[in-house]
Amino acid sequence: MKHTLINQVKLEMDSRSVNEGFARAAVSAFAAQLDPTVEELTDIKTAVSEAVTNCIVHAYPDTRGKITLWVRVYGDGLVRILVKDRGCGIADIAKAREPLYSSLGEERAGLGFAVMESFMDKLSVRSRAGAGTSVTLEKRIKGRAQ
């Protein structure tokens with residue numbers, strides 16, 4: 001299915017925990033042009049928070065790096081968010097997506113991907129060890145007008 005792009009934005013930020021709140025606010029503000037419900041905006045904010053936090057905690061565990069977000073909105077109400085890092089990558093994506101699994105052991109809950117998946121309509125993850133990870137989140141906005 002071909003979607004008609006109506007607007008897009010690209011953001012780049014350092015992998016600092018203070019930027020997680022900025023990312024969630026910026027993405028939800030951009031998505032607001034589709035007139036989403038409060039619940040739809042909250043879903044997007046939660047998923048973006050998890051994706052960015054994963055970059056901060058897992059992609060760059062011992063250093064700072066860059067996190068890039070691309071947000072695209074389409075005429076049919078689709079919001080597509082790409083969160084990308086150039087960190088350590090994920091050796092086993094299937095294992096990483098299992099609920100309660102964390103590469104950091106008991107220090108983390110291991111629910112990031114499960115949370116993203118539960119709040120979005122579609123989640124895809126691509127990664128290469130040593131080269132980074134790309135997480136794509138999609139949500140169809142039904143909005144208040146429909």
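Let's start with helix α4, which spans residues 112-119: its buried residues are G112, F113, V115 and M116. These four cover an arc of only 160 degrees around the axis, which puts them on the same side of α4. Keep in mind as you explore that this is a predicted model. The protein chain holds four helices and five strands, and reading along the sequence gives the pattern β-α-α-β-β-α-α-β-β.

- Now look at α1, where the buried residues are N19, E20, A23, V27, S28, F30 and A31.
- Seen down the axis of α1, these buried residues fall within an arc of 165 degrees, so they line one face of the helix.
- Turn to the face pointing away from that buried side, and you will find the exposed residues V18 and A29.
- What covers the buried residues of α1? The cover includes helix α2 along with the strands β1 (5-14), β2 (66-74) and β3 (78-85).
- Helix α1 lies across β1, β2 and β3, and runs at about 170 degrees to β1.

**Where α1 meets α2**

- Helix α1 covers residues 18-31 and helix α2 covers residues 38-59; their axes come within 9 Å and cross at roughly 145 degrees.
- The crossing of α1 past α2 is right-handed.
- On the α1 side, the residues that take part are E20, A23, R24, V27, S28 and A31.
- On the α2 side, their partners are L41, I44, K45, T46, V48, S49, V52, T53 and I56.
- Sorted by class, this contact of α1 with α2 has eight nonpolar, four polar and three charged residues.

- In what order do the five strands line up? They form an open sheet in the order β1-β2-β3-β5-β4, with antiparallel pairing.
- The edge strands are β1 and β4, and each of them pairs on one side only.
- From one strand to the next, the twist averages 10 degrees.
- As background, strands of a sheet pair through backbone hydrogen bonds, either parallel or antiparallel.

**Two strand pairs to find in the model**

- Strands β1 and β2 run antiparallel and are joined by nine bridges.
- To spot this pair, look for L5, which stands opposite Y74 in β2.
- Strand β4 (residues 122-128) pairs with strand β5 (residues 132-140) in the antiparallel sense, over seven bridges.
- Within this pair, R126 has S134 in β5 as its bridge partner.
- β4 and β5 form a hairpin with three residues between them.
- In the turn of that hairpin, G130 has a positive phi of about 80 degrees.

**The chain as a whole**

- How much of the protein chain is buried? Buried residues make up 45% of its 146 residues.
- Among contacts between residues at least 6 apart in sequence, 66% join residues at least 24 apart.

How values were computed. Residues are numbered from 1 along each chain as its sequence is written. This is a predicted model: local features need pLDDT of at least 70, side-chain atom pairs count only at pLDDT 80 or more; totals for chains, interfaces and linings use all residues. Side-chain values use heavy atoms; hydrogens and water are left out. Two strands pair if DSSP finds at least two bridges between them. Axes are lines fitted to C-alpha atoms, for helices over the stretch in contact, and angles run from 0 to 180 degrees between N-to-C directions. A crossing is left-handed if the near helix is turned anticlockwise from the far one by less than a right angle, and right-handed if clockwise. Contact means heavy atoms within 4.5 Å. Ala, Val, Leu, Ile, Met, Phe, Trp, Tyr, Cys and Pro count as nonpolar, Asp, Glu, Lys and Arg as charged, and the others, Gly among them, as polar. Buried means under 20% relative accessible area, exposed over 50%, partly exposed in between (1.4 Å probe, protein chains only). The arc is that of the directions from the helix axis to the C-beta atoms.
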